[in-house]
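Me: I have a new structure to read. Please take me through it feature by feature.

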Amino acid sequence: MAPDAAERIAIESDADVVTARQRARALAVELDMPSTDQTLLATAISEIARNITTYAERGDVVIDVVRDGRGRRGVRVVARDEGPGIEDLERALTDGYTTGGGLGLGLPGARRLVDEFEIDSTPGQGTTVTLIKWARRG
Amino acid sequence: MAVPILKQGPYLIASIQSALTDTDVLQLRDDVMAQVTRHRSRGIIVDVTSLDVMDSFVSRSLRSIAQMTRLRGAETVIVGIQPEVAFAMVQLGMSFEDVQTALDLEEGLALLQAADLGP
């Protein structure tokens, strides 16, 4: 099998947010992910990609297929920006906390929608969010 | 892409056709408010059947539309939330408690008409 190519989507406008979630869903379809999981993944990407346009103005989302030790496949999404970063990660992951005028559900909500969620942020340098949704079948 | 808004008697029907960008959603909000005023509408149905994702921004915006139109004396009903989308909204923590919803367009119209005939 050919290695799975990663796809990079530049995030600069709200239309790019839509593109990112559509591409990720297409990949999830290829992995035979159930439609509910496709929707959870697409929604999570929408949240983290919007954080890029809201807080950092621009960044990118890289989508690829990963495998765990048991050969199970999943869709991995890495959203990166070089924006202001997050001062207090713990608070940013708390429901209802926002500095952007929204509902404060973006990061904590996205975390609940996927199987694996990691966030790395340095104030003044940027933020990277990595999430994975595993396909149930191998 | 702009969302078409049809006038049907005292009601407006906004039928979302495809994935919405944030700009489209805000445009919809402004268009609905303008048309409620122009037509003195008593109810609005927003049909989201074709939306495969309702993230926090879309949800919050639809809730704003419902609250804003209520202040103008018109009720908004959101119809056609897909089962997967409903699941994702609940996981996300997005509650629609203060927004009227119905299964589909027909049920939504029935809800508005019942409210109109009410006490």
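Reply: Start with pairing: two strands count as paired if DSSP finds at least two bridges between them. The model is predicted. In the hairpin of S4(A) and S5(A), 3 residues lie between the strands. There Gly124(A) takes a positive phi near 85 degrees.

Me: In which sense do S4(A) and S5(A) pair, and over how many bridges?

Reply: The pairing is antiparallel, over 7 bridges. S5(A) covers residues 126–134. Look across the pair for residues that face each other. Ser121(A) stands opposite Thr127(A) of S5(A). Ile119(A) stands opposite Val129(A), also in S5(A).

Me: How do I read side chains along a strand?

Reply: In a regular strand, side chains alternate between the two faces of the sheet.

Me: What is the order of the strands in the sheet of chain A?

Reply: Follow S1-S2-S3-S5-S4. These 5 strands form an open sheet with antiparallel pairing.

Me: Which strands stand at the edges?

Reply: They are S1 (7–11) and S4 (116–122) of chain A. Each has a single partner strand, so one side of each is left without a neighbour in the sheet.

Me: How do I describe two packed helices?

Reply: Two packed helices are described by the angle between their axes and the distance between the axes. Angles over 145 degrees count as roughly antiparallel. The crossing of H2(A) and H4(A) is left-handed.

Me: Which residues make the contact between H2(A) and H4(A)?

Reply: From H2(A) come Leu40(A), Thr43(A), Ala44(A), Glu47(A), Ile48(A), Arg50(A) and Asn51(A). H4(A) brings Gly106(A), Gly109(A), Ala110(A) and Leu113(A). By class, this contact of H2(A) with H4(A) has 5 nonpolar, 4 polar and 2 charged residues.

Me: Now the other chain. How many residues of chain B are in contact with chain A?

Reply: 18 residues of chain B are in contact with 21 residues of chain A. On the chain B side, the elements that give two or more residues are H1 (22–39), H2 (56–71) and H3 (83–92) of chain B. H3(B) gives the most, with 6 residues. That side of chain B divides into 8 nonpolar, 5 polar and 5 charged residues.

Me: At what angle do H2(A) and H3(B) cross?

Reply: Roughly 50 degrees, with axes that come within 9 Å. H2(A) and H3(B) are therefore oblique to each other. Their crossing is right-handed. H2(A) contributes Ser35(A), Thr36(A), Thr39(A), Leu40(A) and Thr43(A). H3(B) contributes Glu84(B), Val85(B), Phe87(B), Ala88(B), Gln91(B) and Leu92(B). This contact of H2(A) with H3(B) has 5 nonpolar, 5 polar and 1 charged residues.

Me: What scores does the predictor give the complex?

Reply: An ipTM of 0.91 and a pTM of 0.92. For chain B, the mean pLDDT is 93. In chain B, 98% of the residues reach 70 or more.

Conventions:
Residues are numbered from 1 along each chain as its sequence is written. Chains are lettered from A and ligands numbered from 1 in the order in which they are written. This is a predicted model: local features need pLDDT of at least 70, side-chain atom pairs count only at pLDDT 80 or more; totals for chains, interfaces and linings use all residues. Helices (H or I, at least four residues) and strands (E, at least two) are DSSP runs, numbered from the N terminus. Two residues are in contact if their C-beta atoms, placed from the backbone, lie within 7 Å. Ala, Val, Leu, Ile, Met, Phe, Trp, Tyr, Cys and Pro count as nonpolar, Asp, Glu, Lys and Arg as charged, and the others, Gly among them, as polar. Axes are lines fitted to C-alpha atoms, for helices over the stretch in contact, and angles run from 0 to 180 degrees between N-to-C directions. Angles under 35 degrees count as roughly parallel, over 145 as roughly antiparallel, 65 to 115 as roughly perpendicular and the rest as oblique. A crossing is left-handed if the near helix is turned anticlockwise from the far one by less than a right angle, and right-handed if clockwise. pLDDT is the predictor's confidence in each residue, from 0 to 100.
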